[in-house]
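Welcome, and please get your viewer ready for a short walk.

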There are 2 protein chains.
Amino acid sequence: MPRNRDDVRARLQQAGLELFAEHCYDATTAAEIAARAGVTERTFFRHFADKREILFDEDPGLRPALTAAVAAAPQGAAPMAILAGAFASLEPMLLANRPFTEPRIQVIAANPALIERAEAKAASLTALLATALQQRGVEPKLAGLAARAAMAAFSYATTSWREDPSLSLAAHLDRAFQTLHGLSSPNLEPGS
Amino acid sequence: MPRNRDDVRARLQQAGLELFAEHCYDATTAAEIAARAGVTERTFFRHFADKREILFDEDPGLRPALTAAVAAAPQGAAPMAILAGAFASLEPMLLANRPFTEPRIQVIAANPALIERAEAKAASLTALLATALQQRGVEPKLAGLAARAAMAAFSYATTSWREDPSLSLAAHLDRAFQTLHGLSSPNLEPGS
DNA sequence: AGGCGAAAAGTCAGTGACTGACAATAGGAG
DNA sequence: CTCCTATTGTCAGTCACTGACTTTTCGCCT
């Protein structure tokens with residue numbers, strides 16, 4: 001009994017999230033998820049490459065947005081500034097997706113295999129940024145270094161953002177990149 | 001027919017490497033590896049949590065060495081300097097293990113699932129460094145940022161080291177951390 | 001309206017990673 | 001030589017994932 005078209009994908013994700021909440025990720029079978037979505041296990045694996053992927057459906061606009069933002073940065077800008085700007089441009093998208101990403105994060109954080117996948121996704125984005133930087137003429141190895149360091153700052157900024165949403169992501173990013181830069185200078189009070 | 005003791009582990013690793021070279025990682029079965037090592041598949045999974053782990057047997061001294069190096073750094077040193085020093089202290093260990101790690105890297109690089117695991121291992125080391133920094137009084141989020149940025153520099157340095165082994169790892173590390181610091185300043189020629 | 005073609009779903013059978021439970025055995029301590 | 005224990009073998013089973021093939025549905029064209 002075939003169904004409409006793409007909302008099968010959404011139903012699978014919803015069913016998965018429900019079942020992961022009721023039982024847990026490991027105790028939930030791909031077949032069970034498929035069944036709740038009114039679909040066969042085989043269909044599950046036609047929509048998602050593997051069971052984990054159901055929790056990692058990123059916004060289709062994310063990668064193009066990052067690439068474009070890096071490409072659009074002004075000539076002569078420092079790599080880190082370019083990447084900071086690219087991250088800042090994601091703010092609306094991140095806000096819009098928040099209700100979807102929020103519940104998934106809990107599930108992911110509770111499972112080593114899912115954490116592993118999350119890191120792989122982050123690494124993939126890092127590679128994307130490095131490539132975008134290279135296309136601006138930045139030497140490959142240097143681009144990789146900048147992308148990784150920037151991702152570290154981004155991670156720091158998003159964490160701060162969750163703790164204090166009163167400030168914009170852009171503000172948190174500014175502080176994160178500034179903090180990162182200061183990390184190499186020998187002036188720091190150990191206490192607090 | 002039970003065997004000696006721990007060299008079963010080494011035999012399994014050796015057998016795996018051979019079979020991965022002959023066929024490839026995916027086409028090699030855990031049972032095949034076990035058979036070549038003169039052991040049962042069940043025994044394979046008693047020595048390694050999963051099939052991938054056979055390629056990720058890190059030096060048992062690695063983690064203690066990093067933790068100790070961070071703890072032993074002089075008071076008041078900047079986080080990045082502390083971490084750079086910790087990495088530099090690994091040079092002898094990395095040199096000694098090179099013959100073992102070299103062949104594995106090829107296999108790992110050819111397989112997405114293995115790359116994923118490699119990233120997870122790196123993330124685990126990053127977390128270790130962050131914790132070690134925290135124990136020196138560095139604020140948790142800041143420690144995480146420093147650890148990630150430092151790992152980026154370490155990765156850059158080891159890549160450079162492989163390209164130019166005439167310089168010491170310490171020298172490459174110095175340059176990497178310096179480059180990282182300079183990445184935030186707006187002076188860079190796009191050409192070359 | 002009726003029928004057609006491709007996209008999407010179902011069915012079936014199979015492989016391989018991994019696990020729990022239990023029996024068998026080697027190696028060392030006494 | 002015997003007992004004790006760590007390690008391995010054996011067996012049966014679950015589940016993620018895949019290939020090959022059939023069936024259904026949807027959108028379109030006549």
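## First stop: a threonine

Start by selecting Thr158(A), which sits in helix α8 of chain A; helices here are DSSP runs of H or I with at least four residues, strands are runs of E with at least two, and both are numbered from the N terminus. Before going further, note that this is a predicted model, in which local features need pLDDT of at least 70 and side-chain atom pairs count only at pLDDT 80 or more, while totals for chains, interfaces and linings use all residues. Residues are numbered from 1 along each chain as its sequence is written, chains are lettered from A, and ligands are numbered from 1 in the order in which they are written.

## Second stop: α5 against α8

Next, show α5(A) and α8(A) together. Their axes come within 10 Å and cross at roughly 45°; the axes are lines fitted to C-alpha atoms, for helices over the stretch in contact, and angles run from 0 to 180 degrees between N-to-C directions. The two helices, α5(A) and α8(A), are therefore oblique to each other (under 35 degrees counts as roughly parallel, over 145 as roughly antiparallel, 65 to 115 as roughly perpendicular and the rest as oblique). The crossing of α5(A) and α8(A) is right-handed, meaning that the near helix is turned clockwise from the far one by less than a right angle, anticlockwise being left-handed.

Which residues of α5(A) and α8(A) meet? From α5(A), pick Pro79(A), Met80(A), Leu83(A), Ala84(A) and Phe87(A); from α8(A), pick Ala146(A), Ala147(A), Ala149(A), Ala150(A) and Phe154(A). By class, this contact has 10 nonpolar, no polar and no charged residues. Nonpolar covers Ala, Val, Leu, Ile, Met, Phe, Trp, Tyr, Cys and Pro, charged covers Asp, Glu, Lys and Arg, and the others, Gly among them, are polar.

Keep α5(A) and bring in α9(A). These helices pack at an angle of about 155°, with their axes 9 Å apart, and that makes α5(A) roughly antiparallel to α9(A). The crossing is right-handed. On α5(A), the contact is made by Met80(A), Ala84(A), Phe87(A) and Ala88(A), and on α9(A) by Leu169(A), Ala170(A), Leu173(A) and Phe177(A).

## Last stop: the two chains

Zoom out to both chains. A rotation of 180° with 0.0 Å of shift along its axis superposes chain A on chain B, with an RMSD of 0.1 Å (by least squares on the C-alpha atoms of residues with pLDDT of at least 70 in both). The two copies are thus related as by a two-fold rotation axis. To find the axis, select Ala149(A): its C-alpha is the nearest to the axis in chain A, at 2.4 Å.

Finally, colour the interface, where 36 residues of chain A are in contact with 36 residues of chain B (C-beta atoms, placed from the backbone, within 7 Å). On the chain A side, α8(A) gives the largest share, 12 residues. That side divides into 20 nonpolar, 10 polar and 6 charged residues.

Key. Contact = placed C-beta atoms within 7 Å.
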